Amino acid sequence: MRLLIIQEAGRHAENFAFRESLGLARGLRQAAASATVWGLGYKGYNPNDLTRLANEHDAIVLLENYDTSRWVPRLNEIAKPLIFWSIDAH
């Protein structure tokens with residue numbers, strides 16, 4: 001199983017390692033699944049990569065995003081299973 005996890009990298013450097021997306025990706029990797037974290041603020045983020053990334057993964061997890069800068073991609077045209085997870089871990 002290959003999952004694409006979409007979440008903004010966050011705005012507070014001291015909390016970066018605790019982003020929900022990174023925690024989920026670590027857990028999936030320990031369970032022998034593949035996970036890619038992608039979103040505004042992550043190294044190499046490019047909004048034009050979404051179609052390619054979606055095609056390389058089996059499903060997409062859209063994690064809690066505050067879209068104040070309108071970066072969250074429209075996923076209605078992506079033909080992949082989509083999980084929307086809205087959780088406030090802190």
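My entries on a histidine, the salt bridges and a helix follow.

I'm working on a predicted model, where local features need pLDDT of at least 70, side-chain atom pairs count only at pLDDT 80 or more, and totals for chains, interfaces and linings use all residues. Residues are numbered from 1 along each chain as its sequence is written, and side-chain values use heavy atoms, with hydrogens and water left out.

His-57. I found His-57 in the loop between α2 (50–56) and β3 (59–63); helices (H or I, at least four residues) and strands (E, at least two) are DSSP runs, numbered from the N terminus. His-57 counts as buried because its relative accessibility is 4% (buried is under 20% relative accessible area, exposed over 50%, partly exposed in between, with a 1.4 Å probe and protein chains only). Its side chain makes a polar contact with the side chain of Thr-36 at 2.8 Å (a pair of N or O atoms within 3.5 Å; within protein, one must be able to donate a hydrogen and the other to accept it, and residues adjacent in sequence count only if both atoms are side-chain atoms).

Salt bridges. I got three, taking a side-chain nitrogen of Lys or Arg within 4 Å of a carboxyl oxygen of Asp or Glu. Arg-2 pairs with Asp-58 at 3.2 Å between the closest N and O atoms. Arg-2 is in strand β1 and Asp-58 in the loop between α2 and β3, so the pair ties together parts 56 residues apart in sequence. Asp-49, Arg-52 and Glu-56 form a salt-bridge network.

Helix α1. I noted that Ala-32 follows α1 and has a positive phi, near 65°.
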